[in-house]
Amino acid sequence: MSNRAVAVLRGDVVSGTVWITQNSESDPAVIEGEIKGLTPGLHGFHIHQFGDSTNGCISAGPHFNPFGKTHGGPNSEVRHVGDLGNVEAGADGVAKVKITDKFVTLYGQNTVIGRSIVVHAGEDDLGQGVGDKAEESKKTGNAGARSACGVIALAAPQ
Ligand code: CU
Ligand code: ZN
């Protein structure tokens, strides 16, 4: 049976809706939606560990990382499960999201249901930061402040 989840992202200026669909445990997850109110350009886009917004997006905690890896990009061999790279907003501040990912799952022990999606003010360097950016690059990708977040909740299958 396919699983489907939805996160409604809210921030001071940024908002959006992101759906996650997975047809079976062995299929990749499809993450799609729209986020508005962004500055034009690239914005870090991750699944964070907790579905807790009691202290705004900060209480979502770090990137979801059940296997104890370092930060990377969506196509990296070594990455956090939550590392979905960047979304790109156009001149109108709207980012259309369409990601297929084989690490994110809606099944089993490492389901992302109940965790959070976060979109950041800045660009994720995908773990490639150098010099004084290198250390943080391996943790957060230097994506900056959390512009909006939403809890990944179970949705009705389509
Ligand atoms: Cu993040
Ligand atoms: Zn990460």
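**Figure 1. The backbone nitrogen of F103 sits 2.8 Å from a polar atom in the side chain of D101.** Welcome to a predicted model, in which local features need pLDDT of at least 70, side-chain atom pairs count only at pLDDT 80 or more, and totals for chains, interfaces and linings use all residues. Residues are numbered from 1 along each chain as its sequence is written, chains are lettered from A and ligands numbered from 1 in the order in which they are written, and side-chain values use heavy atoms, with hydrogens and water left out. The link in this view is a polar contact (a pair of N or O atoms within 3.5 Å; within protein, one must be able to donate a hydrogen and the other to accept it, and residues adjacent in sequence count only if both atoms are side-chain atoms). D101 belongs to strand β7; strands (E, at least two residues) and helices (H or I, at least four) are DSSP runs numbered from the N terminus. With a relative accessible area of 3%, D101 is buried. Buried means under 20% relative accessible area, exposed over 50% and partly exposed in between, using a 1.4 Å probe and protein chains only. Leaving out residues up to four places away in sequence, D101 touches P28, A29, I31, P74, R79 and L84; a contact means heavy atoms within 4.5 Å.

**Figure 2. Three histidines hold the copper ion (ligand 1): H46 through ND1, H48 through NE2 and H120 through NE2.** These protein donors lie 1.9 to 2.0 Å from the copper ion. Donors are N, O and S atoms within 2.8 Å of the metal (3.2 Å for Na, K and Ca), and sites may look incomplete because water is not among the atoms. Along the chain, the copper donors are spaced as H-x1-H-x71-H. Distant parts of the chain are linked by H48 in strand β4 (residues 41-48) and H120 in strand β8 (residues 116-120), which are 72 residues apart. Both are buried: H48 has a relative accessible area of 0%, and H120 has 4%.

**Figure 3. The zinc ion (ligand 2) has a tetrahedral set of four donor atoms.** The protein donors are H63 (ND1), H71 (ND1), H80 (ND1) and D83 (OD), found 1.9 to 2.1 Å from the zinc ion. The arrangement is tetrahedral because the donor atoms subtend angles of 98 to 118 degrees. In sequence, the zinc donors follow H-x7-H-x8-H-x2-D. H63 and H80 both lie in the loop between β5 (54-57) and β6 (83-89), so the pair ties together parts 17 residues apart in sequence. H63 is buried at 6% relative accessible area, and H80 is buried at 5%.

**Figure 4. Y107 reaches the backbone of N3 and Q22 with its side chain.** Look for Y107 in the loop between β7 and β8, where it is buried with a relative accessible area of 16%. The side chain comes to 3.3 Å from the backbone nitrogen of N3, and one of its polar atoms lies 3.3 Å from the backbone oxygen of Q22. Beyond neighbours within four places in sequence, Y107 is in contact with M1, S2, N3, Q22, N23, S24 and E25.

**Figure 5. I20 is among the residues of the largest nonpolar core that touch the most other members.** A nonpolar core is a set of buried Ala, Val, Leu, Ile, Met, Phe, Trp, Tyr and Cys residues joined through side-chain atoms within 4.5 Å. At least two core residues come from each of β1 (3-10), β2 (15-22), β3 (29-36), β4, β6, β7 (95-101), β8 and β9 (146-155). Not counting residues up to four places away in sequence, the contacts of I20 include A29, L106, V112 and I152.

**Figure 6. L126 and N142 have positive phi angles although neither is a glycine.** L126 has a phi near 60 degrees and sits in the loop between β8 and α1 (134-137). At 30% relative accessibility, L126 is partly exposed. For N142, phi is about 55 degrees; this residue is in the loop between α1 and β9 and is partly exposed at 25%.

Notes: Tetrahedral: all angles 85-135°; square planar, octahedral: opposite > 155°, others 65-115°.
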